[in-house]
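Subject: Structure for your files

Hello,

Here is the structure you were expecting, with the sequence. My notes on what turned up in it follow below.

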Amino acid sequence: MTSTRAGLDKAPADVAAMFDGVARRYDITNTVLSFGQDRGWRTATRHALGLGPGDVVLDLAAGTAVSTEELAQSGAHCIAADFSLGMLKAGHKRPVPKVAADALTLPFADESFDAATISFGLRNVASVDTALAELYRVLKPAGRLVICEFSTPVFGPFRTVYMEYLMKALPSVATKVSSNPEAYVYLAESIRAWPDQAGLATKIASAGFDSVRWRNLTGGIAALHRAVK
Ligand SMILES: C[S@@+](CC[C@H](N)C(=O)[O-])C[C@H]1O[C@@H](n2cnc3c(N)ncnc32)[C@H](O)[C@@H]1O
């Protein structure tokens, strides 16, 4: 069993190696640890993007392309991009184009995409501002951005319970289901260190995006941020 995790500096080689280590059981671990909520979050992301046939869409940090396959149900042309070859390989049966790409230096021309999305990926990049600048660059004018990411539960007592769950239960549950339990210690730490809904909205606006809005999913365990170039 691989036992590797990244630190909160999100050093790219460590992050890629960590996801290589979870790739084999990534999809099932996600579903177990989120009590099946992940499926609804992916559907909400697809709806928020307002996709249709003819749209060209970047799914950045797509991992096993589980998120990309969901988006492709819209009839849009959806491209999965990720820098963990292990994650891309684990999704090899999913019938979407896959590109090895670093979010901080995207291998796409300016103004290539009608829409771009990143689900549970932005929290893992070494520079959030650089990744947002790259997403801005590759979107066409008026292109839509949707970010699906863990966030801060809005109901105070639940927030306390949730953070306890994360800190104490998550790593031990992960030991039973994941191919790399250490990665789920990182997951808990990185969620706690991540900006809340308003904080992320400020970062998105600072990257140049307009009409930044968010909506909470499952009481703020996750949030969908939307914006337009
Ligand atoms: C938690 S997974 C999310 C996968 C998928 N989007 C989903 O919703 O299940 C995070 C992904 O982000 C990728 N990632 C992290 N930093 C990245 C970077 N700088 N460039 C490209 N991919 C990155 C990891 O390799 C991993 O596959």
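Helices and strands here are DSSP runs, helices of at least four residues and strands of at least two, numbered from the N terminus. By that scheme A103 lies in the loop between β3 and β4. Please keep in mind that this is a predicted model.

Annotated positions

The unreviewed UniProt entry lists T64, D82, D102, A103 and S119 under "binding site". Burial separates them. A residue is buried if 20 or more other C-beta atoms lie within 10 Å of its own, and exposed if 12 or fewer do. D102 has 19 such neighbours and therefore counts as partly exposed, while A103 has 24 and so counts as buried.

Their contacts, leaving out residues up to four places away in sequence, are as follows. D102 touches P12 and F83. A103 is in contact with L60, A61, V125, A131 and E134.

Ligand shell

The ligand is surrounded by 21 residues, and the closest are A61, G63, S84, A103 and S119. The elements that give two or more residues to this shell are α1 (12–22) and α4 (66–72). α1 gives the most, with 4 residues. By type, the shell divides into 13 nonpolar, 6 polar and 2 charged residues.

Nonpolar core

The largest nonpolar core has 67 residues, of which V57, L58, L60, A116, L135 and L145 touch the most other members. Strand β5 (residues 139–150) gives the most to this core, with 6 residues. For A116, the contacts beyond four places in sequence are V57, L58, L60, L135, V138, L139, G143 and L145.

Helix α2

Which residues of α2 (residues 26–33) are buried? They are Y26, T29 and N30. Viewed down the axis of α2, these buried residues fall within an arc of 100°, so they line one face of the helix. An α-helix has 3.6 residues a turn, so residues three or four places apart point the same way. After α2 comes F35, with a positive phi near 50°.

Regards

Key
Residues are numbered from 1 along each chain as its sequence is written. This is a predicted model: local features need pLDDT of at least 70, side-chain atom pairs count only at pLDDT 80 or more; totals for chains, interfaces and linings use all residues. UniProt positions are given in the numbering used here, feature names are shortened, and annotations may be inferred rather than shown by experiment. Two residues are in contact if their C-beta atoms, placed from the backbone, lie within 7 Å. A residue is near a molecule or strand if its C-beta atom, placed from the backbone, lies within 6 Å of it. Ala, Val, Leu, Ile, Met, Phe, Trp, Tyr, Cys and Pro count as nonpolar, Asp, Glu, Lys and Arg as charged, and the others, Gly among them, as polar. The arc is that of the directions from the helix axis to the C-beta atoms. A nonpolar core is a set of buried Ala, Val, Leu, Ile, Met, Phe, Trp, Tyr and Cys residues joined through C-beta atoms within 7 Å.
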